[in-house]
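Hi,

Here is the structure I promised to pass on to you. Please open it beside this email, and I will walk you through what turned up.

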Amino acid sequence: PREGWKANRITRTAIEQLEQAEDGARIFLWTHFMDPHWSYSPPQPFSDFYTEAVDYAKLNRAMATPAGDLRYRNNLPDDIRKHLRNLYAGEVAYTDYELGQLLRYLDEKGLRKNSLIALTSDHGEALGEKGFYYCHGDEVYRESINVPLMIWNPAMGSGKVQDEAVSSLAITGEILRQFQQEPLVEERVGPIIFAETDAWSM
């Protein structure tokens, strides 16, 4: 996505790309939602889901704090810290809604039943844990590196949960194997995600 694109525009663009595809064409669609992301600005009504009344003059002063001070020495008032966490939760809810819109489109067009869908994230977010605030990339604590991985694959049957950690480096290769394609990198990282499924024919 281009910088500044919100989730609704990403969803709309993804649907436009799908509508341009020829009937029966095999499609690879990469959809990168940037929300939730600093500076935590979910649209209404999501901005109001978790937030309480806040002193916006105080909030604006806090947002003007130099990045280094905000991330590492964070001396923001408790009510502002709570408000920022709630705005982050609002962005999660907003992204969830927009992802649902995209999945609903796939259902309406009958595309999901023949699709393999992987949902993951490139990083988490520190929200005060271990002294880091509103950032990622500066440390390797669980808050930043433990991310969700959910797979929709009709060949897998009902939902299954795998407790073992899987490196995101393994995802591309394992998806390619499902379509009887050799991975771009031979090394396997982490357990096999689709060990109990049959490969799809291309």
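Y50 is partly exposed because its relative accessibility is 42% (buried means under 20% relative accessible area, exposed over 50%, partly exposed in between, with a 1.4 Å probe and protein chains only). Before going on, please note that this is a predicted model, where local features need pLDDT of at least 70 and side-chain atom pairs count only at pLDDT 80 or more, while totals for chains, interfaces and linings use all residues. Residues are numbered from 1 along each chain as its sequence is written, and side-chain values use heavy atoms, with hydrogens and water left out.

Now to the rings. The whole structure holds 6 aromatic pairs (rings of Phe, Tyr and Trp, the last by its six-membered ring, pair if their centres lie within 6.5 Å; planes under 30 degrees apart are stacked, over 60 edge-to-face, the rest tilted). In one of them, F46 and F49 are edge-to-face because their planes stand at 65°, with ring centres 5.2 Å apart. F49 and Y50 also form an edge-to-face pair, since their planes meet at 75° and their centres are 6.3 Å apart. F46, at 10% relative accessibility, counts as buried, whereas F49, at 47%, is partly exposed. Ring pairs join F46, F49, Y50, Y94 and Y97 into a cluster.

Elsewhere, S115 is buried, at 17% relative accessibility. A polar atom of the S115 side chain lies 2.6 Å from the backbone oxygen of L111.

Enjoy exploring!

Technical notes
Polar contact = N/O pair within 3.5 Å; in protein donor to acceptor, adjacent residues only side chain to side chain.
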